[in-house]
Amino acid sequence: MKPLLSLLAIATTAIMARCTTPEPFGPVPTDAQLEWQRMEINMFCHFGPNTFTGAEWGSGQESAETFAPTELDCSQWVNVARQAGMGGIILTAKHHDGFCLWPSTQSTHTVADTLDVLRAFTDACREGNLKAGVYISPWDRNHPTYGTDAYNDVFVNTLKEVHTNYGPFFEQWFDGACGEGPNGKQQHYDWPRFMQTMHELNPQTIIFSDIGPGCRWVGNEQGHCGDPCWSTLNTEGATPSENKPAPSELETGHKGGDRWVPAEVDVSIRPGWFWHADEHPKTVDELMEIYYNSVGCNGLLLLNVPPDTNGRIPVEDSAMLVAFRAERDRIFSKDLAQGGFAYGNHIRGRKFKANNVLDTAYHTYWAAASANDTLYVGMPDPHVFNIIMLQEYIPLGQRVAAFHIDSWQPVQGENGTWNTDWVTVAKGNTIGYKRLLRIPKVTTAKLRIVFDSVQAAPIINRIALYNSKAQ
């Protein structure tokens, strides 16, 4: 027989192994990417000569005098964004027409010194405690060097000018569009150099492009992620303009992808990206549908709200945004799972107990002891709900590939008698940062979450229940 002390040592080692923090699985977000994802909704502002001409893509030949806002008020943009529950705004400082909303030394197609929109924008964001982001299109339909090697130098210097004089920015938006310039030539963008320049300017800036590296285009402009929606993507050999994944791949991401490149869902509140007098904003119901299919499917929503010719967010748009915020607050202000309890069929350790999924602290979570674990949620009394929220703890990776949720409820048998049994009420593929599942109304005091397919043992940091019909 082994000495008692040896047996105790073996047992203690086994317990400690089970209680240690789980190892990350696969690619994981940087601190900046995690902060970005938790913002959930940001505002996009398309603003430039197109606002005044009615175009969506300008020719680059518009006179600088075309851009003439009469009551520019970037502080109003910030106030609208804050009332809408947004954490940041991204401004189209240079669209494909090449017109710069700041007095750039790299172009002659710019605003005058007295109308530095980018300065007014960044100052307003800082005064309003909102994060500022910037869109700088590499396509330039005005610059005479576009289509030559010299233009790559111009674009690098433009990035340096903007980020040095106006930054820091939380996000740099790179559009991959690559059309002809004023000389009829197309540009071969030096993407490695552009990316390296950004890293040197500010490694914390989230870089958006078709392939990231900070976040990716979701593959459509209709306001929805794919299902599944993985935050991982294979990007080897791709650039934002060439050899990039197909839109359908960008919608879903790649299971087991080699890089963490989460999806950003860009969509406009109006039919167009720039303001047009004959267009009107989407309704609250339409915006809520977008919310469920973007933020509620593991994406970040970037909602475009274009300023008008006055240089302000139109009243009807701001009113719709406030109503959109009010509807989210109404639905998600009361978590019906609060006051309940959770348990798993195995115990990894007190630090990772199942009840962590019911608190609101982000960095607490339930860590399954194995890939086969099931999670249960119980409540003292039955509740009526029609929305289930699940969140994985993504700092340790995205793990769940398929799951279903069962409700413990009365079931009528073939002989007409009633019994209580598990009934499946929801199914899904990926979870990721956040998954919102809309289901037919359920009344129950107990749920179980069954993980049908996982890449590693599940780690869940939040479960919540809501009733969108409650008044």
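Start by selecting E35 and K131: their side chains form a salt bridge (a side-chain nitrogen of Lys or Arg within 4 Å of a carboxyl oxygen of Asp or Glu), with the closest N and O atoms 3.1 Å apart. The two ends come from distant parts of the chain, 96 residues apart, with E35 in helix α2 (residues 31–37) and K131 in strand β3 (residues 131–136). Helices (H or I, at least four residues) and strands (E, at least two) are DSSP runs, numbered from the N terminus. For the cut-offs, buried means under 20% relative accessible area, exposed over 50%, and partly exposed in between (1.4 Å probe, protein chains only).

A quick note before moving on: this is a predicted model, where local features need pLDDT of at least 70 and side-chain atom pairs count only at pLDDT 80 or more, while totals for chains, interfaces and linings use all residues. Residues are numbered from 1 along each chain as its sequence is written, and side-chain values use heavy atoms, leaving out hydrogens and water.

Next, pick D210 and K244, another salt bridge, with 2.8 Å between the closest N and O atoms. Both residues sit in loops: D210 between β5 (206–209) and β6 (215–217), K244 between β7 (232–233) and α8 (247–252), 34 residues apart. Which end is buried? D210 is, at 7% relative accessibility, whereas K244 is partly exposed at 35%.

Now jump to E289 and R438, whose side chains meet in a salt bridge at 2.9 Å, N to O. E289 belongs to helix α9 (residues 284–293) and R438 to strand β16 (residues 435–454), so this pair ties together parts 149 residues apart in sequence. E289 is partly exposed at 38%, and R438 is partly exposed at 42%.

For a network, select R270, E316 and D317, which are linked by salt bridges. The count for the model comes to 14 salt bridges.

Last stop: E264, in strand β9 (residues 263–268).
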